[in-house]
Amino acid sequence: MAVVNFNRSIPELLTDVVNNFTVLVRKETQLARVEMSEKIGELAVGIGLLIGGSVLLIPALVILLQSAVAGLEAAGIGSAWAALIVGGAALLIGLILLVLGVGRLKAARPLPTRTIEQLQLDAEVAKSQVRNEDATSKRAA
């Protein structure tokens, strides 16, 4: 069980406050670094998967689009019209996907949210401790 010394001088109290604040800032900085490295790692994996999938999907899409044009030609539509119909549909779908992707990227912010929340909690705890110490010193006086 810890022994609490209520008879400390003001310089001792200030030294403790500065030391505790320094330790707190150091720990919060470490937490922010870890959290940012996690988020950057997740982002890198996501980008790698996106690139790998794109490399395989682009040739597959070209083949499927050529097949769609051939299917429309077989149904009796002229080759120019068939290519225009398939190209227009692919363009429309591509634009929709592009707009959705840009919206998702804007929404994804690599901020250390847990660290920010922890700093806010630390500030609240510090404020309550200062209030408690003020009340204790007024009672002692």
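**Packing of α1 and α2**

Helix α1 covers residues 10-74 and helix α2 residues 79-107, and I read an angle of about 140° between them, with their axes 8 Å apart. The axes are lines fitted to C-alpha atoms, for helices over the stretch in contact, and the angles run from 0 to 180 degrees between N-to-C directions. I noted that the crossing of α1 past α2 is right-handed, where right-handed stands for the near helix being turned clockwise from the far one by less than a right angle, and left-handed for anticlockwise.

I then listed the residues that meet: L65, A68, V69, L72 and E73 from α1, and S79, A82, A83, I85, V86 and A90 from α2, contact being heavy atoms within 4.5 Å. By class, I found nine nonpolar, one polar and one charged residues in this contact, with Ala, Val, Leu, Ile, Met, Phe, Trp, Tyr, Cys and Pro taken as nonpolar, Asp, Glu, Lys and Arg as charged, and the others, Gly among them, as polar.

**Conventions**

I kept in mind that residues are numbered from 1 along each chain as its sequence is written, and that side-chain values use heavy atoms, with hydrogens and water left out. As the model is predicted, local features need pLDDT of at least 70 and side-chain atom pairs count only at pLDDT 80 or more, whereas totals for chains, interfaces and linings use all residues.

**Two residues of α1**

I looked up E28, which sits in helix α1 and counts as buried at 8% relative accessibility; buried means under 20% relative accessible area, exposed over 50%, and partly exposed in between (1.4 Å probe, protein chains only). Setting aside neighbours within four places in sequence, I found E28 in contact with T115, Q118, L119 and D122.

S67, also in helix α1, is partly exposed, with a relative accessible area of 44%. I noted 9.8 Å between the C-alpha atoms of S67 and V86, which are 19 residues apart along the chain.

**Whole chain**

I counted three helices and zero strands, these being DSSP runs (helices H or I, at least four residues; strands E, at least two) numbered from the N terminus. Of the 141 residues, 6% count as buried.
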